[in-house]
Amino acid sequence: MGAPGALRLPGKVAVVTGAASGLGLASAVRFGSEGAAVACVDLSADGVAAAAEAVVAAGGRAIGVAADVTDEAALTAMVAEVTSELGAPDVLYANAGTARGEGAAHELPKHDWDFGVALNLTGVFLSAKAVLPGMLARRSGVLLLQGSIGGLAGLPNMAMYAATKGAVVALARQMAIEYAGDGIRVNAICPGTIETPLVREAYARRARLGVDTHTSIEARKDTIPLGRLGDPEDVANLALFLASDEAGWITGAVYTVDGGESAALIPRHIAARPAPTHA
Ligand SMILES: NC(=O)c1ccc[n+]([C@@H]2O[C@H](COP(=O)([O-])OP(=O)(O)OC[C@H]3O[C@@H](n4cnc5c(N)ncnc54)[C@H](O)[C@@H]3O)[C@@H](O)[C@H]2O)c1
């Protein structure tokens, strides 16, 4: 732990993909407020400009770079731009992803499967691939790969999501071993249910499908041991720790940040202890 009040990412250059919304935006702002120069990467120029402004408003330094993480050439160009504007990336948070493509596996259109695999898995791989040469040259770096608790256990009607997020966890472990000797740490972050546009849209789609699950986000918190949905900041705090030197001996780890959801065999509202009786 640094000195009280010390910045936790001083002088670091961090790339956050999917930075225009949700967990990516919160993490970009958190990284920036802790001393990192942040490259906010997302699909639209307006989105990345707004994200960079949010980082600056929080006291950080930032640029926005519009790039599609499924496009290898765009990622190579992104890293070149970041390196010339901010310096070589020290940290990558490969966060961009989608939950689109729900439904029973036997009915899932192949194009939905392909879209999800390209974004959630190949996009993470390509983002890491783009920053790794610079990290290898400097024998230092941190990769944070965005998984999900949906990649650790089965989720009905989420075949693409479960498969891609599980693969990201495997990729994080594999890359951790491959690059540990090069001073590069790789960890997987597995959030539970965090109220972001991704989750709101996923619940709306499930309701339209008539899927018999927790269609109400409000009802969802009853299933979470800590009794609430996550905030994007809950995930940003974990990402900050793993990105910082405080996590210098942590690699190949898979971190859940889910209010205890993945630890519970039976949801909270079913397993709850009876209320204590006070005479
Ligand atoms: N919200 C949750 O509850 C939750 C839980 C577990 C895991 N996750 C994961 O966290 C990540 C972020 O989720 P979120 O809830 O913040 O979602 P979000 O929809 O709020 O944000 C995702 C961002 O990714 C961007 N993006 C999409 N495709 C892209 C592409 N091809 N290239 C670059 N950027 C692209 C979007 O424009 C958007 O800004 C995803 O990988 C998601 O699977 C989210």
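## A first question

At 14% relative accessibility, does D90 count as buried or exposed? D90 counts as buried, because its relative accessibility is 14% and buried means under 20% relative accessible area, with exposed being over 50% and partly exposed in between (1.4 Å probe, protein chains only).

## Basis of the model

The model is predicted: local features need pLDDT of at least 70 and side-chain atom pairs count only at pLDDT 80 or more, while totals for chains, interfaces and linings use all residues. Residues are numbered from 1 along each chain as its sequence is written, and side-chain values use heavy atoms, with hydrogens and water left out.

## Overall form

The protein chain has nine helices and seven strands; these are DSSP runs numbered from the N terminus, with helices (H or I) of at least four residues and strands (E) of at least two. Its radius of gyration is 19 Å, close to the 19 Å from the globule rule for 279 residues, so the chain is as compact as a globular protein of that length. The radius is taken over C-alpha atoms, and the globule rule is 2.2 Å times the number of residues to the power 0.38.

The C-alpha trace spans about 60 × 55 × 35 Å along its principal axes. Of the 279 residues, 47% count as buried.

## Salt bridges

A salt bridge is a side-chain nitrogen of Lys or Arg within 4 Å of a carboxyl oxygen of Asp or Glu. The count by this rule is 13 salt bridges. One of them joins the side chains of D90 and R138, at 3.2 Å from N to O. D90 lies in the loop between α3 (72-85) and β4, and R138 lies in helix α4, so this pair ties together parts that are 48 residues apart in sequence. R138 is partly exposed, with a relative accessible area of 35%.

E34 and R30 also meet in a salt bridge through their side chains (3.2 Å, N to O). E34 is buried at a relative accessible area of 11%, and R30 counts as partly exposed at 23% relative accessibility. Another salt bridge links R228 with D231, whose closest N and O atoms are 3.7 Å apart. R228 is partly exposed at 41% relative accessibility, and D231 is partly exposed with a relative accessible area of 38%. R228, D231 and D234 are linked in a network of salt bridges.

## Aromatic rings

Rings of Phe, Tyr and Trp (its six-membered ring) pair if their centres lie within 6.5 Å; planes under 30 degrees apart count as stacked, over 60 as edge-to-face and the rest as tilted. This rule gives one aromatic pair. The pair is F31 with Y93, and it is tilted, with 6.5 Å centre to centre and 35 degrees between the planes. F31 lies in helix α1 (residues 22-33) and Y93 in strand β4 (residues 91-94), so the pair ties together parts that are 62 residues apart in sequence. Both F31 and Y93 are buried.

R100 lies over the face of F115, at 4.2 Å from the ring centre. A charge sits over a ring if NZ of Lys or CZ of Arg is within 6 Å of the ring centre and within 35 degrees of the ring normal.

## Loops and a buried asparagine

R139 is in the loop between α4 (110-138) and β5 (141-146). Its phi is near 50 degrees, a positive value in a residue other than glycine. N157 lies in the loop between β5 and α5 (159-179), and its phi is positive too, near 65 degrees, again in a residue other than glycine. N157 is partly exposed, with a relative accessible area of 27%.

N187 lies in strand β6 (residues 184-191) and counts as buried, at 0% relative accessibility. The C-alpha atoms of N187 and P156 are separated by 26 Å, and the two residues are 31 residues apart along the chain.

## A nonpolar surface patch

L265, I266 and I270 form a nonpolar patch on the surface, with about 370 Å² of accessible area together. Patches are made of residues with over 30% relative accessible area and no salt bridge, with like charges joined within 9 Å and nonpolar side chains (Val, Leu, Ile, Met, Phe, Trp, Tyr) within 5 Å. Accessible areas come from the Shrake-Rupley method with a 1.4 Å probe, and for residues only the protein chains shown count as cover.
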